[in-house]
Amino acid sequence: MERLTGLDASFLYLETDTQLLHVCALLIVDPAADGVEFDFDRFTGELGRRLHLIPAMTRRLHNVPLNLDHPVWVRDSEFDLGYHVRRTTLPEPAGRQELADLAGEIAGRPLDRNRPLWEMWVVEGLPHGRVAVISKYHHAIVDGITGTNMMMHLCDVQPGVTYTPPAETPTDADEPNDLLLAGEALLKFPGKLGLVGMVPKTVGILGGLVQRRRSAAGTRGMPLPFTAPRTLFNRAITRHRAVSFVQTDLADIKEIKTAHGVKVNDVVLAVVGGALRDYLELHEALPETSLMASVPVSTHDTSRHEEGTNKVSTIFARLHTEIADPVERLQAIAQDNRGAKEEHNLIGADFLQDWAKYAPPNTFQLAARAYSSLKLAERHPVVHNLVVSNVPGPNFPMYFLGVRVASMYPFGPVFHGAGLTATVISTNGNLDFGFIACRELVPDVDRIADAVPEVITELLKTAREKS
C-alpha cells in the first residue's frame, strides 16, 4: 500500500467528465523492418512477463473513507491483462487521418477508476504491415520522466528479447483497513495547518521576483498568468478530442539551435509558435499580443521530495506569435526563456508540490466540477493559451515488446480555458510532435501539425544562410 502525494492526487481531484487527465502515446511499430509479421499473442504475453517491472500497472486506487486524506494505491487482486489490452483493426485504406481519428476517440474516453489506470490499444491494418499501439495512462501514475522510464521497461535495443518473470509473484492484495485509514487521516489533520506557513513563503517568493525585475531593468522574465489573449481554443472544453502528429528530423532542430546560439527547447517553442501563427492567420484570429504557453519542467533531479510520481513545476513562456519574422521570433523566445529560468529558480523546484500537499480532496473535487459545469473558464481572463511539453527520449533504436519502433507521438491532457496541448519527444534521431485538442474548438488540428515542417524549413534556411 502506498499513499498518493498531493500533486499525484490533484490530477484525480481536478478531473471531470470533460477534463480528462490522462496522457496518451501513439507508437507506430514496424515488424516488417525485421522481416517478421506481427504476433498479437506474443506481444501481450511479453507485456505480461514484464508487468512486475512496473508496479503502477497492477495497482488500483482505494479511497480513504469520507475522502479525509489522499487515496492509496493497492495491488489489484483481480487484475485482468485482457481488459487493459484491446485489439482492433482499421478498415482499408487506413492512413494517417484514420489513425488520428481513432486516437482522438480513445483519448476522449475516461479510465475506469475501479481498475489500474491504464489501457493499451493495438491497432492493425496500417499500410506496409505496420501496427499502431495507443497507450493511455492517468496523470496520477505518470509524468514525462516516469513515462519515459516506464517505456524503457517495455523496450529493448534488439528484437525478440523475452523476459523471464520472477519465480514467485504476489497473489494476495494488500487490502487496507478503512477504519485504520480514517484514524490515520484524523491524526494527520493538525499537520494540514502547515498550509498557513505556505502563505508567508509565497509572499516572500513574489517579493523576490518583484525585486529581481526592479534591479534587472530591461531583462525579460516570465509573463504573468491571466494576461494571455483569448483565442479560438481558450474556452470551456468538451470530452471530445482531436489529435494530429508529425515526425521531424532532430538534426535539423540541432542545426538551427547551433546556428542561432539558442537551446533546443527554444527552437521547439519557436516551431510551435510559428505553426500556431499560421493556423490562427488562416482563421483570421491571430491576436495582436503573444500567445502564452505553460511549459512543464521536470524537478526529478532537484526536488527534495522522494515520494510520488509527478515531480514537476511550470514555466510560463511567450511564443511571440505577434512576430512575423521566424528568426526574430526565435531570438525573442530565447531571451525570454533565459529570464524565465532565473525566475523559476527563485520560485524553487518544490513550490507546486508543497502547495499540492495540502490539497483537500472534497473541496478540490467540488470546485473542479463547479468550474467545469458553470464554464467559468470563459468568464475570467485567460490563464495561458496552451501547454507545450518537451520530453527527452532515448536516442537509439528501440524495440517495443519485441517490435521495432518507427515513431512515437505523445499527447498530454487539455484543460478548461486551454483546449490545446502540444507535446514533443525526441527518439532515435527524430523529433515527434503530438497535438491534442478539444474537437469542438480545434476540429482541424491537423493543420497545425502540417505547418510544423514548413516552419522548420524556414528556420533551417536562415540557419544555413547564416553559416
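The largest cavity holds about 30 Å³ of space. Its lining consists of L20, H22, A107, R241, G412, P413, V414 and I436. On a 1 Å grid over the protein atoms alone, a cavity is a set of points where a 1.4 Å probe fits but cannot get out, and lining residues have an atom within 4 Å of a point. Grid points are joined across faces, edges and corners, and a volume is the space filled by probe spheres set on the points. By this rule, one cavity of 30 Å³ or more is counted.

The model is predicted; local features need pLDDT of at least 70, side-chain atom pairs count only at pLDDT 80 or more, and totals for chains, interfaces and linings use all residues. Residues are numbered from 1 along each chain as its sequence is written, and side-chain values use heavy atoms, with hydrogens and water left out.

The protein has 13 helices and 16 strands. These are DSSP runs numbered from the N terminus (helices: H or I, at least four residues; strands: E, at least two). Of the 467 residues, 53% count as buried. Buried means under 20% relative accessible area, exposed over 50%, and partly exposed in between (1.4 Å probe, protein chains only). The accessible surface comes to about 21000 Å² (Shrake-Rupley method, 1.4 Å probe). Carbon and sulfur atoms contribute 55% of that surface. Among contacts (heavy atoms within 4.5 Å) with a separation of 6 or more, 82% join residues 24 or more positions apart.

Helix α2 spans residues 40-50. Its residues F40, F43, T44, E46, L47 and R50 are buried. They lie on the same side of α2, because they cover an arc of only 155 degrees around the axis (taken from the directions from the helix axis to the C-beta atoms). D39 caps the N-terminal end of α2. A side-chain oxygen of D39 lies 3.1 Å from the backbone nitrogen of D41.

Two further residues were examined. S135 sits in strand β7 (residues 131-138). S135 is buried, with a relative accessible area of 1%. Residues up to four places away in sequence aside, S135 touches V23, C24, A25, E119 and M120.

P159 occupies the loop between β8 (155-156) and α6 (178-188). P159 is partly exposed, at 42% relative accessible area. With residues up to four places away in sequence not counted, P159 touches D34, Y399 and G402. The C-alpha atoms of P159 and M398 are separated by 8.4 Å, although these residues are 239 residues apart along the chain.

Methods:
Polar contact = N/O pair within 3.5 Å; in protein donor to acceptor, adjacent residues only side chain to side chain. 1 Å grid on protein atoms, 1.4 Å probe; cavity = no way out; pocket = protein on both sides within 12 Å on 5 of 7 lines; lining within 4 Å.
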